[in-house]
Amino acid sequence: MEFFLVTLLNSLSYGLLLFMLSSGLTLIFSMMGVLNFAHASFYMLGAYFAYQTGLHAGFWPALFLSPLLVGALGALTERFGLRTVHKFGHVAELLFTFGLAYVIEEIVHLIWGRAPVDYRIPAGLDFTLFTLYTTQYPAYRGFMMLVSVGMLAALYLGLTRTRIGLVIQASLTHPDMVEALGHNVPRVFMLVFAGGAALAGLAGVIGGNAFITEPGMAAAVGSIVFVVVVFGGMGSLTGAFIASLIIGALQTFSVALDYSMLDLLSKIGISVSPQSAWRGLWSITISQTAPVMPYLLMVLMLIVRPRGLMGTRES
Amino acid sequence: MNALASRRIIFWAAALLFFALLPLVFSQGFALSMLSQMGIAIIFALSYNMLLGQTGLLSFGHAVYFGLGAFFCAHALNLVGAGKFWFPVTLMPLVGGFAGMFFGLVLGFVTTRRAGTPFAMISLGIAEMVAASALMFTGFFGGEGGIATDRTVGGKILGISYGPQIQVYYLIAGWCLLSIIGMFAITQTPLGRMANAVRDNPERAKFIGYNPTRVRWLMMTLAGFFAGVGGGLAAINYEIVTAETLGVMASGNVVLMAFIGGIGHFWGPIIGAVLVTLLQSALSNYTQAWLLYFGLFFLVIIMFSPGGIANLVTLHKPVWQARRFKRLVPAYSLSGAAGLVMLLAFFALIEMIYHFEAREAASKAFSFFGVMLDPAQTTFWIGTLVMFAAGMAMFYATTRVVKRAWNELTAELQIKGAV
């Protein structure tokens with residue numbers, strides 16, 4: 001029970017972090033039809049910026065400054081990069097973001113080196129929040145959840161209750177009509193892209209020190225976020241939310257479980273001889289399969305329901 | 001025999017002669033292994049373009065078929081070595097090819113149900129899945145160390161043992177030529193044409209009675225075959241296959257190759273494969289930042305010439321045929337000189353940042369094309385920055401000259417009816 005509750009809490013904080021990334025990706029995709037390959041790179045930049053500003057100004061200013069910086073970079077990317085290649089079609093846009101991810105990783109190598117940087121949890125949050133049975137639950141995990149939920153609420157309210165939110169929603173489905181009503185749709189695009197990048201940056205600020213800040217972090221999380229978006233259904237925020245929590249739980253639980261088929265077989269009284277050719281396959285533990293799980297789930301989903309959990313369109 | 005067919009035969013014969021004579025010019029060990037690498041890259045990039053250029057499928061997981069082909073080929077070689085069965089090494093790439101084809105068939109069934117952006121994401125997911133499984137099933141994939149093999153297991157047949165690199169080069173060149181002909185032939189078949197139709201307008205392809213999903217699936221299977229042939233050759237060439245061969249980085253690399261060369265032309269990826277292989281082995285000797293330059297080069301191609309290098313070449317074809325190319329030379333050389341100044345200053349800047357960050361060195365000064373640069377001194381930074389700004393300003397100014405020369409020439413050619 002203790003194991004279950006603690007892992008559940010961990011998976012919740014990880015799932016919420018995934019949603020911070022996938023929500024921006026989904027918004028950008030449904031508005032511009034562009035799958036942003038560099039999205040996870042913005043997450044990485046958020047972490048590195050927070051580390052750098054944290055060195056001079058501490059964690060709390062970094063929490064605000066870093067997402068703003070990443071958001072500004074996102075705006076520049078949209079204005080001077082994506083808008084230039086837009087006329088060449090979606091493939092060029094996609095490849096542009098792909099190349100950008102490549103370049104950002106190299107720039108990170110250039111400035112911060114290849115080794116992980118020492119981006120730490122702030123001392124003010126480095127205490128035990130509560131003790132569950134015998135496990136001490138770190139306060140920073142609670143803080144991560146708080147930030148994620150706060151951002152989620154702000155995003156929801158911003159999209160449904162404000163004027164600009166309504167314009168964004170309208171531009172999702174009827175960009176021409178919105179433009180005819182006198183709104184600057186390209187600027188709305190830029191805003192959404194910047195907002196999505198800033199969200200990714202914020203996720204980087206709070207995720208970078210909880211996990212690890214290194215040049216490979218973008219590639220590690222990037223494909224998981226894609227799985228989330230495909231699994232939840234392209235362009236659906238609700239779907240992305242549910243998928244984030246499911247994938248988060250799947251990854252966290254499967255890493256923690258150290259059982260194999262061999263254990264199960266021996267429970268029900270079947271023993272596999274060590275000479276058996278299939279023994280290697282049976283002795284793979286669940287934790288060993290953890291990296292494959294999300295992708296397997298995605299493939300299964302695509303076979304059963306190609307448009308994803310809550311997706312409305314096929315492509 | 002009509003004129004087109006005889007022209008083609010002459011062309012392929014010339015290509016054969018070219019491949020056969022290349023090692024006479026580049027006979028050193030380094031050049032020969034690079035040529036072998038290029039041959040493999042050409043097959044891989046062309047098979048990738050069967051998906052992206054011809055069927056409109058942007059795949060981020062094409063190295064899966066290449067890598068699996070390589071693994072199967074390596075295991076087949078090892079089985080021959082252990083005396084389990086006999087199979088000539090010369091035909092060994094076929095083992096890789098059929099392995100790639102099989103996985104193209106199986107995985108393609110899942111991936112090709114969608115096109116466009118979802119296909120790109122799914123192919124990436126599959127690539128991640130296979131890469132992660134490769135580290136899980138250590139028996140087949142050899143874990144971190146990979147699978148080592150021996151290409152000389154077949155013994156000497158007609159004096160060919162595949163021990164010396166030159167023999168491996170001819171093996172690769174032969175398979176490369178066969179694959180190029182095969183893939184070119186596919187573009188001429190009804191299937192190749194339908195793939196173009198599915199790329200351009202799947203709905204209308206459906207209306208004339210073809211199933212777009214099936215066309216995509218077939219093309220995926222065939223592309224898997226040729227990628228597997230390339231993988232098999234890689235196993236023979238390097239005599240080791242690691243999990244990196246089917247990793248996401250390798251898949252990304254082939255996207256870059258095909259796109260830099262130009263996906264709109266059959267020949268584009270060949271240019272890309274040759275250029276990228278050359279850059280990778282040449283640049284990585286001189287600078288640590290070569291991946292950055294490479295990525296920026298890719299971005300520049302996407303932003304300013306999305307048709308790749310092949311497109312730039314075809315743009316100049318009418319000019320060349322009308323014998324007007326010398327009209328462009330002054331503008332091009334002016335702009336080229338300005339661009340060179342800008343590029344050199346930019347490279348110097350990046351290299352200075354790299355050397356500044358390298359903390360372990362006592363002196364940070366380094367030689368840049370014979371000029372000593374010291375990133376510890378401010379004057380060098382200011383000097384390079386000024387040079388970069390000046391180069392950029394000049395380059396922008398000269399692009400206007402180029403544009404004007406180009407527009408005048410186009411107008412003139414249009415009057416003549418050459419364009």
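**Helices in a predicted model**

Q: In this predicted model, how many of the 16 residues of α9(A) are buried?
A: A residue of the predicted model counts as buried if 20 or more other C-beta atoms lie within 10 Å of its own. Helix α9(A) is largely enclosed by the rest of the structure, because the number of its 16 residues that are buried is 14.

Q: How far apart are the end C-alpha atoms of helix α9 (residues 217-232) of chain A?
A: At 1.5 Å a residue, the 16 residues of this helix should span 22 Å.

Q: Which residue just after α9(A) takes a positive phi?
A: The residue in question comes just after α9(A), and its phi is about 105 degrees. That residue is A:G233.

Q: Is B:I180 buried or exposed?
A: B:I180 belongs to helix α7 of chain B, which covers residues 165-188. Because B:I180 has 21 C-beta neighbours inside 10 Å, and the cut-off is 20 or more, B:I180 counts as buried.

Q: What is the direction of α7(B) relative to α10(B), roughly parallel or roughly antiparallel?
A: Helix α7(B) packs with helix α10 (residues 212-238) of chain B at an angle of about 175 degrees, and their axes are 11 Å apart. Since angles over 145 degrees fall in one class, α7(B) is, relative to α10(B), roughly antiparallel.

Q: How many residues of the contact of α7(B) with α10(B) are nonpolar?
A: The contact includes B:W175 and B:M183 of α7(B), and B:F226 and B:L233 of α10(B). Two of the contact residues are polar and none is charged, while the number of nonpolar residues is 11.

Methods:
Residues numbered from 1 in each chain as written. Chains lettered and ligands numbered in written order. Predicted model: local features only at pLDDT ≥ 70, side-chain atom pairs only at ≥ 80, totals over all residues. Helix = DSSP H or I, 4+ residues; strand = E, 2+ residues; numbered from the N terminus. Buried ≥ 20, exposed ≤ 12 C-beta atoms within 10 Å, placed from the backbone. Expected span 1.5 Å × (residues − 1). Axes fitted to C-alpha atoms, helices over the stretch in contact; angles between N-to-C directions. Parallel < 35°, antiparallel > 145°, perpendicular 65-115°, else oblique. Contact = placed C-beta atoms within 7 Å. Nonpolar A, V, L, I, M, F, W, Y, C, P; charged D, E, K, R; others polar.
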